[in-house]
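Please look over the sequence and the structure before reading on.

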Amino acid sequence: MPITLAQGLLLGIFAIIAGLDSWLEVFYIFRPIISCTIAGIILGDVRMGIIAGGLTELAFAGLTPAGGTQPPNPAVCGIMTVVIAHTTNVAPTTAMSLSLPFAMLMQYILLMYYSAFSFFMPMLDKAAAETNLKKYRNLNFLMMAIVCITFFVVIFLSAYAAQAPMRTLVQSMPKWLIHGFELAGAALPAVGFAMLLKVLLRMEYVPFLLLGFVVASFISYSNVLPAAVIGVVFAMIEFFRDKKNKKLQEQINELKNSAGGGDDEDGI
């Protein structure tokens with residue numbers, strides 16, 4: 001289904017919001033679970049946007065900017081996943097694989113900006129030393145404006161201007177290649193979740209992971225809400241148990257201190 005000019009402009013405007021949010025990391029609107037859903041609303045296919053958002057969010061679960069590193073941009077990947085699935089009628093898993101080049105393009109652009117914006121640092125230092133707040137603010141706004149314009153141009157050109165060549169390219173691909181992209185897209189959420197577990201998983205939490213796996217694998221239900229509720233229950237149990245243990249430890253420390261003080265007073 002083709003994307004109209006109005007939809008292309010709305011996607012570009014949303015890309016500005018999500019791109020600025022990812023640059024500043026404020027409200028996490030740039031996360032795929034949100035960006036895909038909003039892109040689906042703009043294109044009139046909310047269900048597909050939600051499905052694509054869940055898949056893409058899992059794929060990016062373990063990819064987080066740290067220091068000067070920059071992973072493939074999740075906002076661009078989320079928006080383009082919905083755009084590709086909408087315009088080419090491929091599965092969201094296939095569209096997610098095909099959207100990665102766009103996310104990597106924005107990744108390299110932002111890395112270039114990290115280096116290029118160092119040009120403004122002497123001017124910012126001088127403005128701060130002179131307490132010139134207006135100049136300091138305007139320089140920051142200039143850099144943010146450059147980032148916003150870049151997000152708009154990339155998404156608008158990719159979603160609207162290049163939709164016909166993109167559709168032709170995907171339709172000209174052989175079935176075995178499309179199937180390969182679909183399999184790769186289906187595996188990426190598992191890879192992203194595994195990367196997250198590699199960072200966060202601790203041995204004392206392994207029983208909860210195994211229990212969640214058993215619940216999700218062997219109990220038949222239409223959504224993951226029951227497993228999520230079970231996870232919340234165990235989280236609450238762990239929270240209140242830790243709170244009780246800390247309170248007991250504080251009481252023990254108070255008793256030790258009071259006992260120690262009494263010994264000093266007796267001269268023993």
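In which kind of crossing, left-handed or right-handed, does α4 pass α8? α4 passes α8 in a right-handed crossing, where right-handed means that the near helix is turned clockwise from the far one by less than a right angle, and left-handed means that it is turned anticlockwise. This is a predicted model, in which local features need pLDDT of at least 70 and side-chain atom pairs count only at pLDDT 80 or more, while totals for chains, interfaces and linings use all residues. Residues are numbered from 1 along each chain as its sequence is written, and side-chain values use heavy atoms, with hydrogens and water left out.

**How α4 and α8 meet**

- Helices here are DSSP runs of H or I with at least four residues, numbered from the N terminus.
- The axes of α4 and α8, which are lines fitted to C-alpha atoms over the stretch in contact, come within 10 Å and cross at roughly 70°.
- α4 is therefore roughly perpendicular to α8, a term for angles of 65 to 115 degrees, with angles running from 0 to 180 degrees between N-to-C directions.
- Met80, Val83, Ile84, Thr87 and Thr88 in α4 meet Gln163, Met166, Arg167 and Val170 in α8, where contact means heavy atoms within 4.5 Å.
- By class, this contact has five nonpolar, three polar and one charged residues.

- In soluble globular proteins, nonpolar side chains tend to be buried together.
- Leaving aside its neighbours within four places in sequence, Ile84 is in contact with Asn89, Val90, Ala95, Leu98, Ser99, Phe102 and Met166.

**Two residues with positive phi**

- Most residues other than glycine have a negative phi.
- Tyr28, in the loop between α1 and α2, has a positive phi near 60°, and this residue is partly exposed, with a relative accessible area of 39%.
- Thr131, in the loop between α6 (121–129) and α7, has a positive phi near 50°, and Thr131 counts as exposed at 61% relative accessibility.
- Buried means under 20% relative accessible area, exposed over 50% and partly exposed in between, for a 1.4 Å probe and protein chains only.

Technical notes:
Parallel < 35°, antiparallel > 145°, perpendicular 65-115°, else oblique. Nonpolar A, V, L, I, M, F, W, Y, C, P; charged D, E, K, R; others polar.
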